[in-house]
Amino acid sequence: MSTRRMLRKTSSLIEDAKLVTQRNHADNENQQPVSIQEFLICSTAQSDKLSLSFVAGCLENYEIKIKILEGKNGKIHPPKDDNCWEQVYVSCECSLSHLTSIEKTITEAYSLTMKRLSSLDNARSFHHEVQWFPKCAADLDLCQHLREKPDADRITDEHPGFQDPDYAERRRNITEIAMRYKHGDPIPSVEYTNDEKETWRKVYSTLRPLHATGACLQYLNAIDELETCGLYSADDIPQLNDVSEYLNDRTGFRLRPVAGLVSPRDFLASLAVKVFQCTQYVRHHLSPMHTPEPDCCHELIGHVPMLCDEEFAIFSQEIGMLSLGVCDEDIEKIASLYWFTVEFGLCKQDGKIKAYGAGILSAYGELEHALSGRPQLVEFDCDKASVQPYQDADYQPLYFVASTFKDALFKMRDYAAKTIKRPFDATFDASKTMIRTQTKRSAYDITRAVEQIRSQVTALEELII
Ligand SMILES: [Fe+2]
């Protein structure tokens, strides 16, 4: 039996990230991406009264997404039906070219002045514009997914099902579910054929005995529970919706059906909003132990049990959080970190090397190889893992070994603090299940704020005296 790895999606994750970097470097400079912009619109002696509705009307003609519209510095003669302000603060998502057009309209057509805030200058000091990213699971409906690669859901000549039109048709029918899927919908069930069930049975029953000695404790606990509650068995392929509900109860992660390759940026961003993009089709039945791309055997056997573990779920989400709004070069590094942890990570438990990476746990050949003593094992180090060359045509020659998930998480946070550059902080609001961002303030902003406080204190002191 062939034992080649079955992870085309994740190998492509790094490769695709490199391609995106190259492509974007070559892009026309006029194609400006959207970023977070903040500015103040200020009334002048020549201007009419400045109201929020007026500003909203001015901005309506531009393709921008207003995040905050707020009156500042006191109201000017507020009439009954509207509030007029000295200044209106705007935080929005738009390109620099649109910002320039807005400024021109504001100053020339309406005799107002516009002050771009220092946070914008901070953003400019970074070498990239912040690209739009999903803030919640529903935003994943807006992600590009397969659009960047229209052929991504097609079968290439290296696929075992290349010469099987029935398989190609079957796969197309299943991927239609993902193409139509919208957040909040239950994931439609697939009535798997006997061939597909038999493929699952072979993969599942081959791997399960090997997990007992090769898988980490967290994986074993999780898959035992999945079996105990009746979701997992060798006899049938679990339905994504059932697994997603179970997973959501455990760690807050959900599954979302995906038709094939996903752009690295979108795939990583989905982790940030606690969504794992999951294929629903099954590899070709003539090649049960090999697939050149991820299929539901890989996702359900490799990824899902680990995502049931709270610490690992946090680790996975934080990898996703790192990717939000970063430049293409950083996406490459984060994709590499993902590869050497979530896909091909090893850890040490009770003095023994165990697997936690889905690419190892879902491929018996890789599992045997990773634990054979032949490949090089290196202590997990983000600086090294983020640039380590990877192998997608054969087994990994090198694996990184984490002492614990918590230790790996701390290392990743340290790495992010010193390496990943973006003009905002991103946090996950668990109660609202959405990403919140806050613009980073520069040393100049802080100095200015301190000076303002000092002058206010001095004024108060003078009053007391
Ligand atoms: Fe994977």
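What kind of unit do strand 5, helix 9 and strand 6 make?

Analyst: Strand 5, helix 9 (residues 264–272) and strand 6 make a right-handed β-α-β unit. Right-handed here says that, with the strands pointing away from you, the path from the first strand over the helix to the second runs clockwise. Helices (H or I, at least four residues) and strands (E, at least two) are DSSP runs, numbered from the N terminus.

Before going further, a word on what you're looking at. This is a predicted model: local features need pLDDT of at least 70, side-chain atom pairs count only at pLDDT 80 or more, and totals for chains, interfaces and linings use all residues. Residues are numbered from 1 along each chain as its sequence is written.

Back to the unit. Strand 5 (residues 254–257) and strand 6 run parallel, joined by four bridges; two strands count as paired if DSSP finds at least two bridges between them.

Now for strand 6 itself, residues 275–278. In a regular strand the side chains alternate between the two faces of the sheet. Buried takes 20 or more other C-beta atoms within 10 Å of a residue's own; 12 or fewer makes it exposed, anything in between partly exposed, with C-beta atoms placed from the backbone.

To set that in the whole chain: the secondary structure comes to 17 helices and 12 strands. Buried residues make up 41% of the 465 residues. Among contacts between residues at least 6 apart in sequence, 71% join residues at least 24 apart; a contact has the two C-beta atoms, placed from the backbone, within 7 Å.

How far can you trust the picture? The chain averages a pLDDT (the predictor's confidence in each residue, from 0 to 100) of 84, and 84% of the residues score at least 70. Over residues 118–127, though, the pLDDT is below 50, and this stretch has 19 contacts in the model beyond near neighbours in sequence. Residues 1–9 also stay under 50, with 28 contacts beyond four places in sequence. Where pLDDT is low, the predicted coordinates should not be read in detail.
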